[in-house]
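Here are a few exercises to work through with the model open beside you. Try each task yourself before reading its solution.

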Amino acid sequence: MKKPSGRMAGTVAAMALAVAGFMTTAYAQTDGLPTIYSRGQISYTSGGVGQDEEQAFEREAPNWPLALQFSGVGGEFIADVHVSIIKRDGTKVLEAVSQGPFMLVKLPPGVYTLHVAYKHQEQQKNVNISGHASAAFRWNVQ
């Protein structure tokens, strides 16, 4: 195969960097949490289905800058919540779907807006990350 040269090599390198910026890396945990996904400075995990995972999330939540909890009618835990986290300047730093009633997120200090949706019902909250913050969302739909 012919090696790209000059302008073509620069274009190929720029494209590789652009793709790498959008890639998500996943790695397994040994602390009882489900897989942690990482994208740039942002890492997150979600789950909490089953007693062991629920306990792992409750135990590990204080070690993460942001802890989210999702519940439905009667306080029942829910999953498949669409989560978007937006920085104060309007930059979207995370878009994910929860795999359970809990989501832990590592992100830099700052003010963020959380946009969450479950069964087409949206909610929004602002959080200030300066150590640890948490937010609970509840829907009245099944």
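Which strands do the buried residues of H2 pack against? This is a predicted model, so keep that in mind as you go.

**Exercise 1. Find the inward face of helix H2 and what it packs on.**

Step 1: locate the helix, which covers residues 51-60, and pick out its buried residues: Ala-56, Phe-57 and Glu-60.
Step 2: look down the axis of H2. The buried residues fall within an arc of 95 degrees, so they line one face of the helix.
Step 3: recall the geometry. An α-helix has 3.6 residues a turn, so residues three or four places apart point the same way.
Step 4: see what that face meets. The buried residues of H2 pack against strand E3 (42-47) and strand E7 (102-106).

**Exercise 2. Decide whether each partner in the two salt bridges is buried, partly exposed or exposed.**

Step 1: the whole structure holds two salt bridges.
Step 2: take the one on H2's buried residue Glu-60. Glu-60 pairs with Arg-59, with the closest N and O atoms 3.5 Å apart.
Step 3: compare the partners. Glu-60 has 14% relative accessibility and counts as buried, whereas Arg-59, at 47%, is partly exposed.
Step 4: go to the other bridge, where the side chains of Lys-92 and Glu-95 meet at 3.0 Å, N to O.
Step 5: Lys-92 is partly exposed at 45%, while Glu-95 reaches 53% and counts as exposed. The cut-off that matters for Glu-95 is that exposed means over 50%.

**Exercise 3. Trace how E8 and E9 are joined.**

Step 1: check the direction. E8 and E9 pair in the antiparallel sense, over nine bridges.
Step 2: pick a pair of partners: Ala-117 is bridged to Glu-122 in E9.
Step 3: look at the turn. The two strands form a hairpin with two residues between them, and Lys-119 in the turn has a positive phi of about 50 degrees.

**Exercise 4. Contrast Gln-41 with Ser-71.**

Step 1: Gln-41 sits in the loop between strand E2 (36-39) and E3, and Ser-71 lies in strand E4.
Step 2: compare accessibility. Gln-41 is exposed at 64%, but Ser-71 is buried at 12%.
Step 3: list contacts, leaving out residues up to four places away in sequence. Gln-41 touches Lys-106, Leu-107 and Pro-108. For Ser-71 the contacts include Phe-77, Phe-137 and Trp-139.
Step 4: look at the distance along the chain. Gln-41 and Pro-108 are 67 residues apart in sequence, yet their C-alpha atoms are 7.3 Å apart in space.

Definitions and conventions
Residues numbered from 1 in each chain as written. Predicted model: local features only at pLDDT ≥ 70, side-chain atom pairs only at ≥ 80, totals over all residues. Heavy atoms only, no water. Buried < 20%, exposed > 50% of the residue type's maximum accessible area, 1.4 Å probe, protein only. Helix = DSSP H or I, 4+ residues; strand = E, 2+ residues; numbered from the N terminus. Arc of directions from axis to C-beta. Contact = heavy atoms within 4.5 Å. Salt bridge = Lys/Arg side-chain N within 4 Å of Asp/Glu carboxyl O. Pairing = 2+ DSSP bridges.
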